[in-house]
Amino acid sequence: MVKVYGDGVKALQGINVSIKKGELYTLLGPNGAGKTTFQRIISTQLMPTSGKAYVLGYDVVSEASEVHGHISIVPQDVATYGIYTPWEYAYYFARLRGVPKQKAKKTAEKALRAVGLWELRNRTCATLSGGEKRRAIIASALSSFADVLLLDEPTSGLDAIARRNVWSVLRQMVKEGKTILLTTHNMEEAEMVSDRLAIINKGQMIAEGSPDAVKGLIAEKYRVVLEGEITRFPARENEKDTMIGDRYIMYVENENEAADLMKKALKMGLRAHISPVTLEDVFVKLAGGFDNESS
Amino acid sequence: MKAVENALLIAWMKFYPDFRRQPYVIITQAGISAGPLFFILLSGSTAALHNGIVGAMISIVSFLGLTSAIHDVAQDRYVKLREMMVAMPVHPVSYALGVALAPLLASVPGLFCFMALAIWLRILSLASIGLVFVALILGWLSISMIGFTVSTYLTKVPPFMLNSAGHLLSLGLVFVPPVYYSESVLGAFSWISYVFPTSNAASLIRGYLGLSTLHFESIMSHWLTLIGTALAFSFLASFKARWRER
């Protein structure tokens, strides 16, 4: 898939993705990586410059109307219409997707119960919290019986508890057989909910696999974080090590090496702790590293 | 059939929650169209008042149809209903009709008030009410489709400019042409009444209400122009409107 915008910006430079039925696949990348462009092409909102994309075998360009019958979307940065209620979101969207009246009432109820908004169904969105509003939008996507859900940063701006509620709903949907394409720049989210993920940067895919497989793409398995007078600690000749303000983060391949560094730091009176590398560490390494100079 | 059902559903979605939770919008909307009548009333001319009532009837249906499409684009920056519908089994014309029908529903109480006033002043008879309705609907359809088509080209324009665009289009298509006043005022430029869907509808309605004398040729020309523009702009909305982004 290639997308070049009118102003010459190359948003996608040959992304090749295959998503299995019934899995939650995440596109992970920084702002401007091309995630939303990819989602918008798959959801038929945007035409690709070249390349082909299929949803359940239907071409998103030439068979868009067939695609529409199988997808539901949550766009990026979507706000709720303040005078709508969660019920109206769930019910009207089901009706527009062709669900008959009585069935639409049942699916709207099911969707609202799934996102935990049934009790609040008749309150206007203007009176709901940020997390509840976002869940109302997700309910509109769930109420349709669509096989494929395309969710563009659905938890953006939510607090940790609201985010986890949404994650729980997404995993439940996967359990019920839905296929979900999620975009996010939240590494924890990608790690927690994805069956597989792809890291994209500057319109190109730089890694793909299960969260564990992607974490295995770099040799380092642990990180040692030092805090305190870190200038006293002799800098290592390792370009992957990172300085973030008054913290020195070192990446090592095994536990013994990590333990040695920790002992050395503790002897020097520094605070130190060891943890396994995170998806974010892998992402930073694969995406070209962190700019130590500017930090 | 599905397209019509979707248009009605979108109209209901856009009308009912608004109407139920902020019913005063109906009074505001009628007030905008009734505004010029106040100044006409001050002039003391009965003929001008009669023409003004015709203008208010046309204005309330077409002004709202036009601005609602533009307002919809501005609002969609945040609520993205249109964006979500592009990815749904909804035809752009269903959406355009729905967006246009919603304010039409909201304009019904105001329209009935203006019609009742016209009946009370004995300028509107039950015999001509059918043709008046048809002219109003064709004018509304043309203007709404113009609004929708234009709005689809304004998706990247900042919201404050969108509102200005809506106001300018309203001035140019509803308030400045011979809608609230007779085209005879324009003298040699009275042909302008054939240019705008609103003024075509106004000329016909004035003719049926006996406020002006229209020859058979003029009546046919106005009807043909009105039907032609309604079809042309519906066609344009259907085929030229930018629904999917390129």
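**Entry 1: Asp77(A) and its loop**

I looked up Asp77(A) and found it in the loop between β6 and α3 of chain A. I took helices (H or I, at least four residues) and strands (E, at least two) as DSSP runs, numbered from the N terminus. Asp77(A) is not a glycine, yet its phi is positive, at about 50 degrees. I counted 12 other C-beta atoms within 10 Å of Asp77(A), so this residue is exposed. In these entries a residue is buried if 20 or more other C-beta atoms lie within 10 Å of its own, exposed if 12 or fewer, and partly exposed in between, with C-beta atoms placed from the backbone.

I note that this is a predicted model, in which local features need pLDDT of at least 70 and side-chain atom pairs count only at pLDDT 80 or more, while totals for chains, interfaces and linings use all residues. Residues are numbered from 1 along each chain as its sequence is written, and chains are lettered from A and ligands numbered from 1 in the order in which they are written.

**Entry 2: Arg122(B)**

I then turned to Arg122(B), which also has a positive phi, of about 60 degrees, although it is not a glycine. Arg122(B) belongs to the loop between α5 (92–120) and α6 (129–152) of chain B. With 10 other C-beta atoms within 10 Å, Arg122(B) is exposed.

I examined strand β9 (residues 196–201) of chain A and strand β10 (residues 204–209) of chain A, which run antiparallel and are joined by five bridges. Two strands are said to pair if DSSP finds at least two bridges between them. Ala198(A) stands opposite Glu208(A) in β10(A). The hairpin has two residues between its strands, and Lys202(A) takes a positive phi near 50 degrees there.

**Entry 3: strand β8(A)**

Is strand β8 (residues 179–184) of chain A enclosed by the rest of the structure, or is it open? I found that six of its six residues are buried, so β8(A) is largely enclosed by the rest of the structure. I checked both faces of β8(A), and both are covered. Thr179(A), Leu181(A) and Thr183(A) are buried on one side, and Ile180(A), Leu182(A) and Thr184(A) are buried on the other.

I next listed the pairings of β8(A). Strand β3 (residues 24–28) of chain A pairs with β8(A) in the parallel sense over five bridges. Thr183(A) in β8(A) is the bridge partner of Leu27(A). Strand β7 (residues 148–152) of chain A likewise pairs with β8(A) in the parallel sense, over five bridges. Here Leu149(A) has Ile180(A) in β8(A) as its bridge partner. From β7(A) the chain passes through helix α6 (residues 160–175) of chain A to β8(A), and this β-α-β crossover is right-handed. Right-handed means that, with the strands pointing away from the viewer, the path from the first strand over the helix to the second runs clockwise.

**Entry 4: the contact between the chains**

I recorded 24 residues from chain A and 21 residues from chain B in the contact. Two residues are in contact if their C-beta atoms, placed from the backbone, lie within 7 Å. On the side of chain A that touches chain B, the elements giving two or more residues are α2 (64–68), β6 (71–74) and α3 (86–96) of chain A. The largest share of that side, four residues, comes from α3(A).

**Entry 5: chain A as a whole**

I counted ten helices and 14 strands in chain A. Its domain assignment, whose bounds come from an automatic or database source, gives domain 1 (2–215) and domain 2 (222–276). The C-alpha centres of the two domains of chain A lie 39 Å apart. The C-alpha trace of chain A spans about 70 × 45 × 35 Å along its principal axes. Of the 295 residues in chain A, 43% are buried.

**Entry 6: chain B as a whole**

Chain B has nine helices and zero strands. I noted a span of about 50 × 40 × 35 Å for its C-alpha trace along the principal axes. Buried residues make up 47% of the 246 residues of chain B.
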